[in-house]
Amino acid sequence: MQLGILTGGGDAPGLNAVIRAVVRTAIRQHGWPPVLGIPEGFKGLVEKLDPIELTPFTTRGLINRGGTILHTTNRADPFQYPAGENRFEDRSDTVLERAGELGLDALVILGGDGSHSIAHKLSNKGLTVVGAPKTIDNDVRGTELCFGHLTAVATATDALDKLHTTAESHHRVMVVELMGRDTGWIALRAGTAGAADAILLPEIPFDIDLLCDGINRRAAAGSPFSIVAVAEGTRPKGGEIAVLESAEGVYQARLGGIGALVADRLQHCTQLESRVTVLGHVQRGGAPVSADRILATQYGMAAVDALARGEHNCMVALSHERMETVPLEDVVGGFRPVPLDHPLLDAARQTGVLLAE
Ligand code: F6P
């Protein structure tokens with residue numbers, strides 16, 4: 001079977017580890033020919049960019065490398081492909097044509113919700129596809145864990161640990177804005193591991209007065225400093241999400257600013273000096289942690305195995321520590337929020353973390 005592979009959407013730690021596992025399983029286990037790496041996501045198919053021949057030799061040393069050797073873009077949806085200023089056109093037929101020219105029997109797509117939506121539509125047009133769930137936000141439906149997420153959590157936890165120093169030394173409130181457009185998985189996990197005093201999530205719009213009261217109570221009880229972890233997509237009760245750049249054409253809005261807003265309000269109501277740190281793309285960078293390397297290896301192997309079994313139009317998923325496949329139609333069109341009865345929320349409440357709900 002001639003496999004192609006591409007990486008779509010934002011980069012995440014573990015993409016290269018999945019590529020490596022796909023290549024090794026396809027060639028070593030199934031005896032298939034070298035895998036064709038499609039550069040720059042779907043753009044590489046639409047623009048007919050030269051593929052990269054991937055073998056166990058050319059993917060050597062990849063398991064711990066961040067980013068993606070294939071490069072990526074989140075501005076190349078073939079169904080709404082850029083065609084000049086604010087103009088988009090359907091180039092999906094070119095994708096199928098290119099897959100035919102390259103002799104692809106199947107395409108492995110590593111991406112988040114957007115890439116899986118594209119994969120689903122291409123599959124309905126006749127392309128054989130299998131996806132694997134990538135995103136630091138951990139919000140892809142159908143799986144318990146996306147690769148890249150745990151590395152982002154480790155990076156954010158490290159940042160929270162370090163910010164404790166200044167918070168404690170200066171008696172300050174340190175607000176950390178973390179990634180998470182629609183879901184607060186990073187903020188909840190890193191906030192728990194990094195001992196944040198308050199965790200604010202998109203799933204639970206926050207009450208600023210409750211947050212102020214909680215931080216003032218901490219100060220009165222002898223801790224005149226606090227660490228607040230806030231996901232970028234969080235909004236105050238009755239308020240709006242903070243947007244840096246509004247949505248443009250088919251592209252989503254760039255979020256940002258909620259951390260500064262929270263810090264500003266807290267400085268007024270607590271009289272404690274407040275500062276904000278926006279961690280941003282630091283969370284997407286660097287080597288994947290060991291758990292992500294393992295998960296990526298499992299996902300890569302499972303994607304090839306699914307194709308070998310004749311399965312397609314599906315995504316490989318983690319369920320109770322095992323690999324399974326879920327139909328793409330169950331993955332697309334939404335995201336996976338932190339359930340309001342999640343045990344970690346319970347742990348936060350019981351250990352006195354402010355959720356300001
Ligand atoms: O989806 C992952 C993510 O990191 C979001 O948390 C964030 O809002 C977005 O990507 C940023 O995307 P970009 O790098 O295109 O600005």
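Below are questions and answers on the disulfide, the sheets and the ligand site of a predicted model.

Local features need pLDDT of at least 70 and side-chain atom pairs count only at pLDDT 80 or more, while totals for chains, interfaces and linings use all residues. Residues are numbered from 1 along each chain as its sequence is written, and side-chain values use heavy atoms, with hydrogens and water left out.

Me: Which cysteines does the disulfide join?
Reply: A disulfide is a pair of cysteine sulfur atoms within 2.5 Å. A search of the whole structure finds one. Its S to S distance is 1.9 Å, and the residues joined are Cys212 and Cys269.

Me: How many residues apart are Cys212 and Cys269?
Reply: Helices (H or I, at least four residues) and strands (E, at least two) are DSSP runs, numbered from the N terminus. Cys212 is in helix 7 (residues 208-220) and Cys269 is in helix 8 (residues 258-270). The pair links distant parts of the chain, and the separation is 57 residues.

Me: Is the link of Cys212 and Cys269 left-handed or right-handed?
Reply: The angle about the S-S bond is -80 degrees. That makes the link of Cys212 and Cys269 left-handed.

Me: Is Cys269 buried or partly exposed?
Reply: Buried means under 20% relative accessible area, exposed over 50%, and partly exposed in between (1.4 Å probe, protein chains only). Cys212, with a relative accessible area of 7%, is buried. Cys269 has 30% relative accessibility, so it counts as partly exposed.

Me: Which strands stand at the edges of the seven-strand sheet?
Reply: Two strands pair if DSSP finds at least two bridges between them. The seven strands form an open sheet with mixed pairing, in the order 3-2-1-6-7-14-15. Each edge strand has a single partner strand, so one side of each is left without a neighbour in the sheet; these are strand 3 (52-54) and strand 15 (322-327).

Me: Which residue is the bridge partner of Gly131 in strand 14?
Reply: Strand 6 (residues 106-111) and strand 7 (residues 129-133) run parallel and are joined by five bridges, with Ile109 opposite Gly131. Strand 7 also pairs with strand 14 in the parallel sense, over two bridges. There the bridge partner of Gly131 is Met315.

Me: How many of the six residues of strand 14 are buried?
Reply: Cys314, Val316 and Leu318 point one way from strand 14, and Met315, Ala317 and Ser319 point the other way. Strand 14 is largely enclosed by the rest of the structure, because the number of its residues that are buried is six of the six.

Me: Which residue in the turn between strand 14 and strand 15 has a positive phi?
Reply: Strand 14 and strand 15 run antiparallel, joined by six bridges, and Val316 stands opposite Thr325. They form a hairpin with two residues between them. The residue in the turn with a positive phi, of about 50 degrees, is His320.

Me: What angle does helix 8 make with strand 8?
Reply: The open sheet of four strands has the order 9-10-8-13 and parallel pairing. Helix 8 packs on the sheet, touching strand 8, strand 9, strand 10 and strand 13; contact means heavy atoms within 4.5 Å. Axes are lines fitted to C-alpha atoms, for helices over the stretch in contact, and angles run from 0 to 180 degrees between N-to-C directions. For helix 8 and strand 8 the angle is about 160 degrees.

Me: What distance separates the His281 side chain from an oxygen atom of the ligand?
Reply: The residues around the ligand (a heavy atom within 4 Å) are Asn74, Asp137, Met179, Gly180, Arg181, Glu232, His281 and Arg284. In polar contacts (N or O atoms within 3.5 Å), a backbone N or O atom of Gly180 lies 3.4 Å from a ligand oxygen atom, and a polar side-chain atom of Glu232 lies 2.7 Å from one. For an N or O atom in the side chain of His281, the distance is 2.7 Å.

Terms used:
A polar contact is a pair of N or O atoms within 3.5 Å; within protein, one must be able to donate a hydrogen and the other to accept it, and residues adjacent in sequence count only if both atoms are side-chain atoms.
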